[in-house]
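Please have the sequence and the model at hand while reading.

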Amino acid sequence: MTLIEVKNLKKSYGSIHAVRGISFSVERGEVVGFLGPNGAGKSTTMKLIAGHLRADHGAAIVAGFDISAHPIEAKTHLGYSPEGAPAYGEMTVREFLRFAADLRNLPNPSERVKKTLELCRLNEVAHQTVDTLSKGYRMRLGFAQAVIHDPEVLILDEPTDGLDPNQKFEVRRILKEMASRKAVIVSTHILEEIDELCTRVIVIAHGEVRCDESKEKFLQRGADLNEVFRQLTA
Ligand code: ADP
């Protein structure tokens, strides 16, 4: 079942053509690794799919709903964790998740908060304010607010960026636990994450798709993934 359909998306910021006609679709059970150099257009594409930006051209369909024409219906099925996992610093972790649950008008919000704290292993910091969290917990909170409504579609912008190996392991473990039921797009600069986490790879450079194939096919391109990446994005 196709849960994400991206059709010829284009977005410019003034004279900068950040996204120049990107198309792909993602099925349930797929975890798509979104790769590309800084400035390639990954975050912009993710923002367009998540409805945080409006496209100049093209469409993004999430769980059958056009994100521009039916944003509320689309966002019901979508979880999005932006780069850097922004959150309100003065709220505690529990308050922030309750806020996220209330924003989404979820039934049984207390129950959802409790389950999400458990799922994302956030119980031990539930009473801490966001400002006082370590980077690992902060990123996990960004992830937690994205999955509080158990969405079918997950868009994660560099969820393991800057984490230590143990923290990365935790985020990957949580993601792998839920991935088979969802369609996931996850951007990363860590090429080793592809083998562990992804079923498919999309490489973007200069606002265009340079490669879209199964993880297996991508890994067969060469033993040195950094070199593969360089060749595809040069
Ligand atoms: P990536 O996520 O792959 O690093 P981005 O989507 O963030 O790439 O950026 C793509 C291009 O658009 C870059 O040239 C970047 O400088 C530019 N860009 C991104 N956001 C803005 C913005 N709000 N205003 C102007 N230019 C932007």
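## Terms and basis

Helices (H or I, at least four residues) and strands (E, at least two) are DSSP runs, numbered from the N terminus, while axes are lines fitted to C-alpha atoms, for helices over the stretch in contact, and angles run from 0 to 180 degrees between N-to-C directions. The model is a predicted one, in which local features need pLDDT of at least 70 and side-chain atom pairs count only at pLDDT 80 or more, whereas totals for chains, interfaces and linings use all residues. Residues are numbered from 1 along each chain as its sequence is written, and side-chain values use heavy atoms, with hydrogens and water left out.

## Helix α3 against α4

Helix α3 (residues 93–103) packs against helix α4 (residues 109–119) at an angle of about 130 degrees, and their axes are 9 Å apart. The two helices are therefore oblique to each other, given that angles under 35 degrees count as roughly parallel, over 145 as roughly antiparallel, 65 to 115 as roughly perpendicular and the rest as oblique.

The contact (heavy atoms within 4.5 Å) is made by Val93, Arg94, Leu97, Arg98, Ala101 and Asp102 of α3 together with Pro109, Ser110, Val113, Thr116 and Leu117 of α4.

## Helix α5 and its partners

Helix α5 (residues 135–147) and α3 have axes that come within 9 Å and cross at roughly 25 degrees, which makes α3 roughly parallel to α5. On the α3 side this contact involves Val93, Phe96, Leu97 and Ala100, and on the α5 side Leu141, Ala144 and Gln145.

The axes of α5 and helix α6 (residues 165–179) come within 10 Å and cross at roughly 15 degrees, so these helices too are roughly parallel to each other. Here α5 contributes Gly136, Arg140, Phe143 and Val147, and α6 contributes Gln167, Glu170, Val171, Ile174, Leu175 and Met178.

## Around the ligand

An oxygen atom of the ligand is 2.7 Å from a polar backbone atom of glycine 39. In the side chain of lysine 42, an N or O atom is 2.8 Å from a ligand oxygen atom, and for the side chain of threonine 44 the corresponding distance to an oxygen atom of the ligand is 2.5 Å.

Conventions
Polar contact = N/O pair within 3.5 Å; in protein donor to acceptor, adjacent residues only side chain to side chain.
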